Amino acid sequence: QVQLVQSGGGLVQAGGSLRLSCAASGRTFSDYRMGWFRQAPSKEREFVATISRSGGNSDYADSVKGRFTISRDNAKNTVYLQMNSLKPEDTAVYYCAATAQTLIGGTSRLRQVYDYWGQGTQLTVST
């Protein structure tokens with residue numbers, strides 16, 4: 001079992017920045033690919049970003065590419081999502097997720113492959 005505890009989030013003005021954190025416990029953190037997803041009201045949970053076990057590879061949704069950065073610190077068992085140039089459409093509940101599966105291609109964008117989830121944290125971007 002892996003436990004994921006998120007922190008960060010809140011209210012920020014459009015154009016601002018915020019960093020989300022997700023601390024893992026229970027298993028060897030570096031055995032897990034990590035991802036961030038988000039869910040806006042009345043919408044499906046959607047992929048935001050993912051990072052490989054070592055942190056050497058990452059992938060982003062087109063909607064956040066160039067604005068968001070996913071990173072991890074395996075010594076601290078933590079994954080981060082740095083969000084810059086925030087837009088009102090970024091408003092959502094953000095979730096971190098972990099999977100021990102070895103994934104290929106775009107499968108790391110699928111929420112179904114992630115086995116463990118954080119509790120979610122609200123981000124609201126005001127105009």
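I began with the disulfide and read the torsion about the S-S bond of Cys22 and Cys96 as about 60°, so the disulfide is right-handed. Cys22 lies in strand 3 (residues 18–25) and Cys96 in strand 9 (residues 92–99), so the pair ties together parts that are 74 residues apart in sequence. I note that the model is a predicted one. The S to S distance between Cys22 and Cys96 is 2.1 Å, and the structure holds one disulfide. I then looked up the accessibility of the two cysteines and found both Cys22 and Cys96 buried.

I recorded the pairings of strand 3 one at a time. Strand 1 is joined to strand 3 by five bridges, and the two run antiparallel. Within that pairing I located Gln3, which stands opposite Ser25 in strand 3. Strand 3 also pairs with strand 8 (residues 78–83), in the antiparallel sense and over six bridges. Here Arg19 stands opposite Gln82 in strand 8.

I then asked which residues of strand 1 form its covered face and which its uncovered one. Leu4 and Gln6 make up the covered face, whereas Gln3, Val5 and Ser7 make up the uncovered one.

**Entry: strand 4 and its partners**

Strand 4 (residues 33–39) is mostly covered, with six of its seven residues buried. It pairs with strand 9 in the antiparallel sense over seven bridges. I looked up the partner of Arg33 in strand 9 and found Thr99.

On which other strand does strand 4 form antiparallel bridges, and how many are there? The partner is strand 5 (residues 46–51), and the bridges number five. Gly35 has Thr50 as its bridge partner in strand 5.

**Entry: two serines with positive phi**

The hairpin of strand 4 and strand 5 has six residues between the strands. Ser42 is found in this loop, and I noted its phi near 65°, a positive value in a residue other than glycine. Is Ser42 buried or exposed? Its relative accessibility is 85%, so Ser42 counts as exposed; the cut-off for that class is over 50%.

Ser85 lies in the loop between strand 8 and strand 9. With a relative accessible area of 41%, Ser85 is partly exposed.

**Entry: the largest pocket**

I then looked up the largest pocket, which holds about 160 Å³ of space. I listed its lining residues as Arg38, Ala40, Lys43, Glu44, Glu46, Ser63, Arg67, Lys87, Glu89, Asp90, Thr91 and Ala92. How many residues of the lining are nonpolar, polar and charged? The lining divides into eight charged, two polar and two nonpolar residues.

I placed several of these residues on the strands already recorded. Arg38 lines the pocket and belongs to strand 4, which spans residues 33–39. Glu46 also lines the pocket and falls in strand 5, residues 46–51.

**Entry: two distances**

Val125 is found in strand 11 (residues 121–126), and Val125 is buried, with a relative accessible area of 6%. Between Val125 and Gly16 there are 109 residues of sequence separation, and their C-alpha atoms are 8.4 Å apart in space.

Thr102 is found in the loop between strand 9 and strand 10 (116–117). Thr102 has a relative accessible area of 67% and is exposed. Thr102 and Ser17 are 85 residues apart along the chain, and I read a separation of 32 Å between their C-alpha atoms.

Notes. Residues are numbered from 1 along each chain as its sequence is written. This is a predicted model: local features need pLDDT of at least 70, side-chain atom pairs count only at pLDDT 80 or more; totals for chains, interfaces and linings use all residues. Side-chain values use heavy atoms; hydrogens and water are left out. On a 1 Å grid over the protein atoms alone, a cavity is a set of points where a 1.4 Å probe fits but cannot get out, and a pocket is an open set with protein on both sides within 12 Å along at least five of seven lines; lining residues have an atom within 4 Å of a point. Grid points are joined across faces, edges and corners, and a volume is the space filled by probe spheres set on the points. Ala, Val, Leu, Ile, Met, Phe, Trp, Tyr, Cys and Pro count as nonpolar, Asp, Glu, Lys and Arg as charged, and the others, Gly among them, as polar. A disulfide is a pair of cysteine sulfur atoms within 2.5 Å. Helices (H or I, at least four residues) and strands (E, at least two) are DSSP runs, numbered from the N terminus. Buried means under 20% relative accessible area, exposed over 50%, partly exposed in between (1.4 Å probe, protein chains only). Two strands pair if DSSP finds at least two bridges between them.
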